[in-house]
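Reader: I am new to this structure and would be grateful for a guided reading of the terms used to describe it.

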Amino acid sequence: MKTSGKTGLAISGALIGLISVILVAFGNPLNMGFCIACFIRDIAGSLHLHTAPIVEYFRPEIIGIILGSFAISVIRKDFNPHGGSSPVLRFIIGFIVMIGALVFLGCPLRMVLRLGGGDLNALVGLLGFISGIAVGCVFLSQGFSLGRSYRVSRLEGTAFPFMSIVLFVLFIAFPSLFLFSESGPGSMHAPVALSLLAGLVVGIIAERTRLCMAGGIRDIILIRDFTLITGFAAIFIFTLIGNLVTGNFHLGFADQPVSHQAHLWNYLGMVAVGLGSVMLGGCPLRQLILAGEGSGDSAAAVIGMAAGAAFAHNFSLASSASVGPGTNGKVATVAGILILLAIASVVTYNNRRKDG
């Protein structure tokens, strides 16, 4: 049985907060000890999928999260190969979630880490994230579901973790195959061994506790259950303490690392992330965990995120820390939200019609 009580989540969140502070101390960008969206984007760049030279690095943290989830789920007999729940729609939703995250410049986890570093722009993003989740909850209450999944072979379930292992081995054995940033966030990273270990620990913790910020806010809205949100509250508190101790806490809107002050687009970017996360059944971190547990549906969402990251940087959709989003990013954000609303509306209508 997985641990999901408030005490377990609080301890887990404290560990993740401290790990994030340690990773920053050893080289990761400020307020970016962990960021699922940013790190998937960096991996996409390292694999030659986009051409933004400042965000190219094969982040071992992502591989560690997947393998940590995979290993502990096998050991604890939670490994559950399944799929077939609207994988193409999940790919599209994951794609849009990534666009929204790169307009905001961070996933829900990094949003909390940014708050713990004093970045008040992340507070605007949090309001957008909650708004997107609230809209998603309306659709959930009306019958939205991407459909049931089905048992698949263990080979199918292990394909995504195995692919992650292969890529990591290639990264270690043949680094010349990959791109590496010489400046910018992609050039800033902790040592490989520490990054991998940190990812493994976070993967194990998140798998056992079902840690998910979107799920936590969703549960508060739908059933007034504050259990899941405890983990992210602890991440914030211990990141805040760690940043105060290390001198990395800077309260305000201006001059925050890898952040911008275009508040409308911080808000709308995270609306897309919140709504998309509810539709997927979990935030980007949760999707990685589920993919490690054998979910082909979550693997499709993660691959959609990687494609979204590549598209965002190849077509100038991602925000700049200095000026915020450009016209392309703004159009893509609004279009993404409208597409998510259209998918949710059509799926909900069809489900209600089938239920009679």
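Reader: Which residues line the largest cavity?

Author: The lining consists of Ser 20, Val 21, Val 24, Leu 30, Asn 31, Met 32, Gly 33, Leu 113, Thr 239, Asn 243 and Asn 248. This is a predicted model, in which local features need pLDDT of at least 70, side-chain atom pairs count only at pLDDT 80 or more, and totals for chains, interfaces and linings use all residues. Residues are numbered from 1 along each chain as its sequence is written, and side-chain values use heavy atoms, with hydrogens and water left out.

Reader: What makes this space a cavity?

Author: On a 1 Å grid over the protein atoms alone, a cavity is a set of points where a 1.4 Å probe fits but cannot get out, and lining residues have an atom within 4 Å of a point. The structure holds one cavity of 30 Å³ or more, and the largest cavity has a volume of about 70 Å³. Here a volume is the space filled by probe spheres set on the points, which are joined across faces, edges and corners.

Reader: Which elements give two or more residues to this lining?

Author: They are helix 1 (6-25) and helix 10 (229-246); helix 1 gives the most, with three residues. Helices are DSSP runs (H or I, at least four residues), numbered from the N terminus.

Reader: How many residues of the lining are nonpolar, polar or charged?

Author: The lining has five nonpolar, six polar and no charged residues. Ala, Val, Leu, Ile, Met, Phe, Trp, Tyr, Cys and Pro count as nonpolar, Asp, Glu, Lys and Arg as charged, and the others, Gly among them, as polar.

Reader: Why are helix 2 and helix 13 called roughly perpendicular?

Author: Helix 2 (residues 36-46) and helix 13 (residues 296-314) pack at an angle of about 70°, with their axes 9 Å apart. Angles of 65 to 115 degrees count as roughly perpendicular, under 35 as roughly parallel, over 145 as roughly antiparallel and the rest as oblique. Helix 2 and helix 13 are therefore roughly perpendicular to each other.

Reader: Which residues of helix 2 and helix 13 meet?

Author: Ile 40, Arg 41 and Ala 44 in helix 2 meet Val 302, Met 305, Ala 306, Ala 309 and His 313 in helix 13. By class, this contact (heavy atoms within 4.5 Å) has six nonpolar, one polar and one charged residues.

Reader: What makes helix 11 roughly parallel to helix 14?

Author: Helix 11 (residues 263-280) and helix 14 (residues 327-355) pack at an angle of about 30°, with their axes 10 Å apart. That angle makes helix 11 roughly parallel to helix 14.

Reader: Why is helix 3 called oblique to helix 12?

Author: The axes of helix 3 (residues 60-75) and helix 12 (residues 284-292) come within 7 Å and cross at roughly 45°. Helix 3 is therefore oblique to helix 12. The residues of their contact divide into seven nonpolar, three polar and no charged.

Key. Axes are lines fitted to C-alpha atoms, for helices over the stretch in contact, and angles run from 0 to 180 degrees between N-to-C directions. On a 1 Å grid over the protein atoms alone, a cavity is a set of points where a 1.4 Å probe fits but cannot get out, and a pocket is an open set with protein on both sides within 12 Å along at least five of seven lines; lining residues have an atom within 4 Å of a point.
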